[in-house]
Amino acid sequence: MKLTLKIWRQKSANDKGKIVDYKLDDVSPDMSFLEMLDVLNQELIDKDEEPIAFDHDCREGICGMCSMYINGRAHGPDRSITVCQLHMRSFSDGDTIYIEPWRASAFPVIKDLIVDRTAFDRIQQAGGFISVNTSGNTQDANSIPISKYAADDAMDAATCIGCGACVATCKNSSAMLFVGAKVSQYALLPQGQIEAAERVQNMVSQMDLEGFGNCTNTGACEVECPKGISLDNIARMNRELMKATVK
Amino acid sequence: MATLDSKVPKGPIKDKWTDYKDQINLVNPANKRNIDIIIVGTGLAGGSAAATLAELGYNVKAFCFQDSPRRAHSIAAQGGINAAKNYQGDGDSTYRLFYDTVKGGDYRSRESNVHRLAEVSTNIIDQCVAQGVPFARDYGGLLDNRSFGGVLVSRTFYAKGQTGQQLLLGAYSAMNRQIGRGKIKMYSRHEMLDVVIVDGKARGIIARNLVTGEIERHSAHAVVLGTGGYGNAFYLSTYAMGSNATAAWKAHKRGAFFANPCYTQIHPTCIPVSGDHQSKLTLMSESLRNDGRIWVPKNMDDVLAIREGKLKPTDLSEENRDYYLERRYPAFGNLVPRDVASRAAKERCDAGYGVNKTGEAVYLDFAAAIERYGKEQAHVKGLDEDDKAVIDKLGKDIIKAKYGNLFQMYEKIVDQNPYETPMMIFPAVHYTMGGIWVDYNLMTTVPGLYAIGEANFSDHGANRLGASALMQGLADGYFVLPYTIGDYLADDIRTGPIPTDIKEFDTAEKNVTEVIDKLVNNNGTHSVDYFHKKLGKIMWNKCGMARNEKDLESAITEISELREEFWNDVKVPGNADEYNEELAKAGRVADFLELGELFAKDALQREESAGGHFRDEYQTPEGEAMRRKEFQYVSAWEYKGAPKDAVLHKEELVYENIEVKERSYK
């Protein structure tokens with residue numbers, strides 16, 4: 001199929017950036033979206049133009065590296081997938097496709113479609129862990145039974161891949177789905193209880209410090225999350241924060 | 001000439017690790033503050049090592065090429081992690097895990113290392129649970145297990161089909177705690193381009209900041225590589241796009257011997273190639289073989305009819321199907337180890353029975369499991385066990401609960417519904433058992449330079465069992481290296497900071513800059529991918545699932561010619577002082593072009609078949625791998641300027657605690 005691509009090009013963080021048009025003539029519906037961009041980049045290199053920079057790595061929907069806004073949606077059309085799992089059969093011959101980077105002041109553009117998401121790392125560094133040293137003498141893994149329901153809910157929260165689609169989608173650039181998922185994982189497990197109060201306070205204040213906005217419950221983040229992380233996690237985070245601050 | 005000393009402690013195998021720990025030198029807490037350690041790679045091995053060493057008090061500098069340590073490709077491991085907990089009471093023990101791993105590796109791994117791995121396996125599960133890793137549990141709240149290929153017990157712990165992700169996020173959280181405390185300094189979007197040797201010891205690295213292009217010098221008292229495997233030499237593989245062998249290869253060029261490069265795992269259940277545009281292959285977890293049956297049609301007419309779309313696989317009657325694994329290996333059936341399953345698929349496809357257009361696919365069929373589970377559920381629920389619609393619905397619900405995310409992934413890629421029609425699968429490059437040679441301390445042949453996880457060679461022999469990669473990565477990082485490196489660093493308590501303004505760093509930086517300048521100014525006619533794809537074709541066709549002398553010899557010639565063409569004709573757009581992915585790729589492919597040749601050379605000298613290495617000339621009359629006693633050694637290659645000049649050193653493998661016998665899964 002033939003496609004018109006309108007892609008955000010930005011040389012560096014300080015460059016103004018603009019949309020540039022490209023045409024591709026021979027796109028197979030079996031290609032993944034990133035393989036389509038590989039083909040375009042190959043053509044650009046052959047023409048002595050600079051290829052489009054975009055983040056990608058595992059190409060199987062788990063590393064969370066790929067991050068593009070496609071026709072106004074994080075990770076493009078289709079639900080519960082990342083860009084690398086999006087295939088060209090979701091588009092039609094003659095389509096025009098807009099491709100842009102995540103937009104959020106806490107995610108500055110590095111180049112073209114690549115943004116800096118280290119703010120997420122810093123939120124985790126503020127408290128996204130259980131303080132247990134490696135020793136080989138921790139207690140036996142089965143010494144504390146954990147209800148299957150709690151373990152499964154913790155797992156559902158923990159499947160977050162840290163891609164940032166929630167932030168990119170949110171009109172407030174809120175990171176509360178991301179932070180809520182991490183807070184929830186630990187809040188649901190007995191091992192996470194000891195530090196629960198400090199954890200949620202530290203992570204939320206780092207989140208605010210990084211410049212992420214607040215949640216106004218539109219639920220767009222849940223819709224676009226490739227792993228289907230539920231809004232319940234935001235509610236749980238707020239509850240944890242309330243518990244920690246009202247004594 | 002350097003010699004190989006594996007430094008395996010004396011004494012009975014059960015006591016070696018304990019006695020070793022009792023006798024090594026320790027570094028006191030005050031002195032640890034004055035010692036710096038560089039860790040390259042932040043997957044399960046590198047991440048867990050960084051966290052643990054920082055907890056101990058060392059100053060750690062960690063490097064990864066991704067934008068965050070959480071994205072290392074350990075994250076993509078699906079199925080699980082082995083540990084000899086024997087929670088199921090099915091006869092598991094440390095010895096069993098040790099035995100299965102050595103046998104699974106076709107008696108080509110080092111006994112003492114594997115036993116240590118089995119010993120610490122149980123600590124890993126305890127540690128991860130304490131960190132908040134949400135492993136699957138049963139309704140009583142205890143940890144659940146599943147079974148994997150090549151073993152007769154259920155010892156695999158898992159977190160849905162995302163075990164690697166959860167374990168990596170556990171290690172990442174432990175790292176984050178130390179980054180927050182300032183004990184780890186994290187350098188993401190950085191690539192190591194050389195290791196710096198001072199007075200014979202590894203004392204630092206040269207790294208490139210991938211965002212700014214700046215070349216940086218970093219010094220330390222020891223350097224640890226947890227940089228993964230080299231499967232991307234094949235271009236198409238289940239590795240991440242960025243996975244590369246550059247750090248390992250640079251270490252090799254600086255004196256680290258490279259061991260068993262020809263041992264590559266080709267995983268039996270991956271989604272087949274769909275066209276020339278293909279950039280990577282996707283794995284379908286081995287856990288699917290618990291319930292999926294693998295088959296091809298018995299008759300060639302049916303094969304052709306299926307390929308032409310005139311016949312659906314579901315229309316083929318049972319007697320016209322060849323469940324070749326169940327036929328050939330009745331004891332293990334569809335759960336034979338990976339090397340055996342892959343080779344059997346290749347054998348059927350080579351004989352012309354492949355079921356897709358390219359002739360390179362076999363079926364993985366869940367219909368029997370759906371029916372079995374459906375009947376079970378109908379019985380439990382008191383429904384009609386003969387009602388096909390009821391059984392079908394109940395059976396599919398169970399399959400969905402067990403493998404839902406994998407089925408969804410398959411459907412997204414192939415556009416076929418695997419609940420209704422069998423999956424099509426084919427083997428793909430997945431893991432490399434070979435790697436940098438290390439001694440019992442995980443130290444390479446360069447003092448102060450360590451290799452952990454997939455980057456080293458030691459634990460999996462010629463074939464790795466499923467769910468053992470995660471175990472080894474975390475064992476090395478959490479429980480082995482933190483002891484062994486202390487023994488070495490005890491001599492460095494008076495050394496003080498290593499300066500970076502010395503001639504060794506000058507030279508190393510100059511070498512790196514020269515190569516980069518050469519690449520960006522080459523102005524050739526073909527892109528990096530052009531060469532990478534060509535290399536991949538040579539590797540797959542001539543060094544793939546089955547190898548022979550003639551092919552390997554021509555592979556060596558072709559790779560060395562391709563390498564020359566690369567340096568004359570590669571085109572790298574853009575500049576060195578900016579974000580430039582083509583430049584980063586060019587450096588990695590340049591290294592694969594050397595490693596690939598050594599790979600073929602190693603496969604050529606190994607005149608036997610063992611695990612993932614299968615030589616056409618050495619097989620039994622039934623077509624099974626023929627091991628040869630005279631090759632019971634590790635081949636460790638010393639760099640001498642070009643791959644063809646590499647010198648072979650042999651570490652003889654001694655089996656005192658396990659009887660070396662025919663590896664049979666029949």
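Trainee: What share of the 247 residues of chain A counts as buried, and what makes a residue buried?
Mentor: The share is 53%. You count the other C-beta atoms, placed from the backbone, within 10 Å of a residue's own: 20 or more is buried, 12 or fewer is exposed, and in between is partly exposed. Bear in mind that this is a predicted model, where local features need pLDDT of at least 70 and side-chain atom pairs count only at pLDDT 80 or more, while totals for chains, interfaces and linings use all residues. As for names, residues are numbered from 1 along each chain as its sequence is written, with chains lettered from A and ligands numbered from 1 in the order in which they are written.

Trainee: How many helices and strands does chain A have?
Mentor: Chain A has eight helices and seven strands. These are DSSP runs, numbered from the N terminus: helices are H or I with at least four residues, strands are E with at least two. Its C-alpha trace spans about 60 × 35 × 35 Å along the principal axes.

Trainee: Why are α5(A) and α8(A) called roughly perpendicular?
Mentor: Helix α5 (residues 176-187) and helix α8 (residues 232-245) of chain A pack at about 70 degrees, with axes 8 Å apart. Those axes are lines fitted to C-alpha atoms, for helices over the stretch in contact, and the angle runs from 0 to 180 degrees between N-to-C directions. Under 35 is roughly parallel, over 145 roughly antiparallel, 65 to 115 roughly perpendicular and the rest oblique. So α5(A) and α8(A) are roughly perpendicular.

Trainee: What is the handedness of the crossing of α5(A) and α8(A)?
Mentor: That crossing is left-handed. The term applies if the near helix is turned anticlockwise from the far one by less than a right angle; clockwise makes a crossing right-handed. Among the residues making the contact are Met176(A), Leu177(A) and Val183(A) of α5(A), and Ile234(A), Arg236(A) and Met237(A) of α8(A). By class, the contact has eight nonpolar, three polar and two charged residues.

Trainee: What makes a residue nonpolar, polar or charged, and what makes two residues a contact?
Mentor: Ala, Val, Leu, Ile, Met, Phe, Trp, Tyr, Cys and Pro are nonpolar, Asp, Glu, Lys and Arg are charged, and the others, Gly among them, are polar. A contact needs the two C-beta atoms, placed from the backbone, to lie within 7 Å.

Trainee: How do you know that the buried residues of α8(B) line one face?
Mentor: In helix α8 (residues 300-307) of chain B, Asp302(B), Val303(B) and Ile306(B) are buried. Seen down the axis, they fall within an arc of 105 degrees, so they line one face. The arc is taken over directions from the helix axis to the C-beta atoms. On the other side of α8(B), Met300(B) and Asp301(B) are exposed. The cover over the buried residues includes β12 (293-297) of chain B.

Trainee: Why is Thr101(B) called buried?
Mentor: Thr101(B), in helix α4 (residues 94-104) of chain B, has 29 other C-beta atoms within 10 Å, so it makes the buried cut-off. Leaving aside neighbours within four places in sequence, its contacts are Val114(B), Ala118(B), Asp459(B), Leu465(B) and Ser468(B).

Trainee: Is Lys7(B) or Tyr107(B) buried, and which is partly exposed?
Mentor: Tyr107(B) counts 23 other C-beta atoms, so it is buried; Lys7(B) counts 13, so it is partly exposed. Lys7(B) has a positive phi near 55 degrees, and Tyr107(B), in the loop between α4 and α5 of chain B, has one of about 55 degrees. Most residues other than glycine have a negative phi.
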